[in-house]
Amino acid sequence: MAEEHEAQRHPEQAEATNGAAAEPYMLEMESVSVHYGAVVALEHASLGIRRGEVVAVMGPNGAGKSTVLKAIMGLAPVSEGHVYWRDAPLTTATHEIVKHGISFVPQGRRLFTHLTIEENLEMGCPYLRDKVERRRRMDTVMDLFPVLADKRKDLASQMSGGQQQMLALGRGLMANPEVLLLDEPTLGLAPNIVASVFFNVSLISEQLGTMIMVVEHNIKGVLDIVDRAYILDNGRVVFEGTPDDVRETNILTEVFLGKVQPMDEE
Amino acid sequence: MATNTPETTEEGRRPGLIPRLANGNVELWANLIVLVWVIAFVLWQGVGFAITIGTVFAIWAILAVSLNLVIGFTGLLSVAHIGFFGIGAYSVAILTSKTDYSLLRTEGIPTYELPFFAALPVGIALAGLTALVVGVVFNRFRDDVFVLVSFGFAIISFNLFLNARAITRGAFGIHDVARPVIGTRVLDGELEFLVMALVCLALVSALAWFIVTSSFGRVLTAIREDEQAASVFGYQVTHYKLAIWVISAMMAAVAGGLFSSWTSFIDPNSFILLESILLVSIVILGGLATIWGSLLGAMTFVLLEEGMRFIPFLPDVYVGQARQVVLGVMLVLLMLFRPQGLLGRYRL
């Protein structure tokens, strides 16, 4: 039944799948529009992420990058289109989305600064009652980011920007997500810290097999770690391809200089 | 061993009391000054007056601790608390009063003559139920709008107490509110009542402490800091806010029940908006998100309020206004120089 539904929604993708080409998307936005009053934040944007992928969403300021993640998380008013998770429409309230295995690391880290590192991590798995499992997950995060283990009883406010970003990633991982949505994880960080954030994002993907969709301004850095990239401009998806595709075209220059046409008008 | 360094000693312990005081530790100074103030007051005015002050303190402190759960720990600035205090007070008064109103030659209300400990749970439940209904609506609002709607609730409550004369007797008030009875012993002595009020305060404080140190309290802290982030991580913040709102209202009703029993007479003047604002001031004075701070704030307020009576050049008629002026000036100074209050974790 799900396959039929999938075939109806994406005949081209189902065909490709039969031909053992592209896998279907696990998480998908299909022609989603988001309007804030008269302002169009997203217009018929279609994006997706496949199992095991790391995907970047890039574009200039105001292109609608963060709105993509907010629309998935139910934080932006979707006026048209749908978000699908494992072929089923994702219509649950924001606080229930984490139950589906989708975790969000918002822009600016947004840690709970009056809670300790350990408490911040525990906040990441509200539905987990099993203390042993919670401890196991915390150990996994601490193994991934040893700096957190050294300061587990410190307040989050006492950490440096880079350490706070590690904590934000760790908190996102505590829900043991299948998909991690990262909104500008390197925002406001020093260049040497930026490199370590990208390294850690790769590490999460490789060691835990988590799908990652990352909205990012740092084009050079993010292209080194992703499998595919979407480029947005004025709320529309104007390009989709591998990092090499992006590098081979001058799409980014055009987008940032405002000379690009949307994909569906080409 | 005390050293002159303000930081931790070689053993990693905090330095002694005197170095910390010398370092301008405001929290320590605040505790010490209030303690000395209390002792001086008791020595000066005698034990009888201290008992009275102690009871007033216990009632205000229950209110402050309960309101701090909402304002301090959850970040919802509410001036509605006086309404729940009033519901508790009126419930106990209506259900326990034995007055024969025909003798007073004013309009009467039905009397039920229940014992205090039967009436108090009714008041607590009624306040909780009201908070639940009101909270479902209030949950739609945040920040300044939340303050305004809580303001509206305080005004509506006062007007209900004043105008629902068939049950509250309006401005005439309710007389002869019963004192608590334990076994065959009526707690009609001031000292006995003080002990009971302090026991109630201890229970409320213990419950508040349990709440804020639990995982539930941790979520409240998270909501206070970033409601949307808490929601993204899977917490249904409206449920948490509603739960603490109802619990806090029920605690306020305990204070209300004690108040009406202690004074044995209540009328709507005890539940005006100004009292609610004074209560918010106490919470800010003591500090947001600290239970001990609420106790300290309540004690400071009571000492200030009662201390006014003994200022020689201040006529009695101005005492009430003077306490408001002093508290107002103190709040302005706090906002200027210590916006987190005496012991607070957060700024307003």
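Okay, let's start with one residue: B:Ala202 sits in helix H9 of chain B. Helices here are DSSP runs of H or I with at least four residues, strands are E runs of at least two, and both are numbered from the N terminus. Buried or exposed, then, for B:Ala202? B:Ala202 is exposed, because it has 12 other C-beta atoms within 10 Å. The cut-offs: 20 or more other C-beta atoms within 10 Å of a residue's own makes it buried, 12 or fewer makes it exposed, in between is partly exposed, and the C-beta atoms are placed from the backbone. Compare B:Ala202 with B:Val136: they are 66 residues apart in sequence and 30 Å apart in space, C-alpha to C-alpha.

Quick housekeeping. This is a predicted model, so local features need pLDDT of at least 70 and side-chain atom pairs count only at pLDDT 80 or more, while totals for chains, interfaces and linings use all residues. Residues are numbered from 1 along each chain as its sequence is written, and chains are lettered from A and ligands numbered from 1 in the order in which they are written.

Back to H9 of chain B, residues 190–213, and its partner H12, residues 237–263. Two packed helices are described by the angle between their axes and the distance between the axes. For H9(B) and H12(B) that's an angle of about 175°, with the axes 11 Å apart. The axes are lines fitted to C-alpha atoms, for helices over the stretch in contact, and angles run from 0 to 180 degrees between N-to-C directions. So H9(B) is roughly antiparallel to H12(B); under 35 degrees would be roughly parallel, over 145 is roughly antiparallel, 65 to 115 is roughly perpendicular and the rest is oblique.

Which residues of H9(B) meet H12(B)? From H9(B) we have B:Phe193, B:Ala197, B:Cys200 and B:Val204, and they meet B:Met251, B:Val254, B:Leu258 and B:Trp262. Contact means C-beta atoms, placed from the backbone, within 7 Å. For the classes, Ala, Val, Leu, Ile, Met, Phe, Trp, Tyr, Cys and Pro are nonpolar, Asp, Glu, Lys and Arg are charged, and the others, Gly among them, are polar. And remember, an α-helix has 3.6 residues a turn, so residues three or four places apart point the same way.

H12(B) also packs with H3(B): those axes come within 8 Å and cross at roughly 170°. That makes H3(B) roughly antiparallel to H12(B) as well. On the H3(B) side, the contact residues include B:Ile59, B:Leu63 and B:Val70, and on the H12(B) side B:Met251, B:Leu258 and B:Trp262 are among them. This contact divides into 16 nonpolar, three polar and no charged.

H3(B) itself covers residues 47–71, and its 25 residues should span 36 Å at 1.5 Å a residue; the end C-alpha atoms are 34 Å apart, which agrees. The expected span is 1.5 Å times one less than the number of residues. In H3(B), 19 of the 25 residues are buried, so the helix is largely enclosed by the rest of the structure.

Now over to chain A. Chain A has 12 helices and 10 strands, and 44% of its 266 residues count as buried.

How are the strands arranged? One open sheet has four strands in the order E2-E1-E4-E5, with antiparallel pairing. Two strands pair if DSSP finds at least two bridges between them. The edges are E2 (39–49) and E5 (88–89), each pairing on one side only. E1 (27–36) and E4 (78–85) share six bridges; A:Leu27 partners A:Trp85, and A:Ser33 stands opposite A:Glu80. A:Trp85 is also the bridge partner of A:Ala88 in E5(A). E4(A) and E5(A) form a hairpin with two residues between them, and A:Arg86 in the turn has a positive phi of about 50°.

The other open sheet has six strands, E6-E7-E8-E3-E9-E10, with mixed pairing. E6 (102–105) and E10 (236–241) each have a single partner strand, so one side of each is left without a neighbour in the sheet. The twist averages 15° from one strand to the next. Inside this sheet, E3 (54–58) and E9 (228–233) pair in the parallel sense over four bridges, with A:Val55 partnering A:Arg228. Helix H9 of chain A, residues 191–208, packs on the sheet and touches E3, E7 and E8.

Notes:
Two residues are in contact if their C-beta atoms, placed from the backbone, lie within 7 Å.
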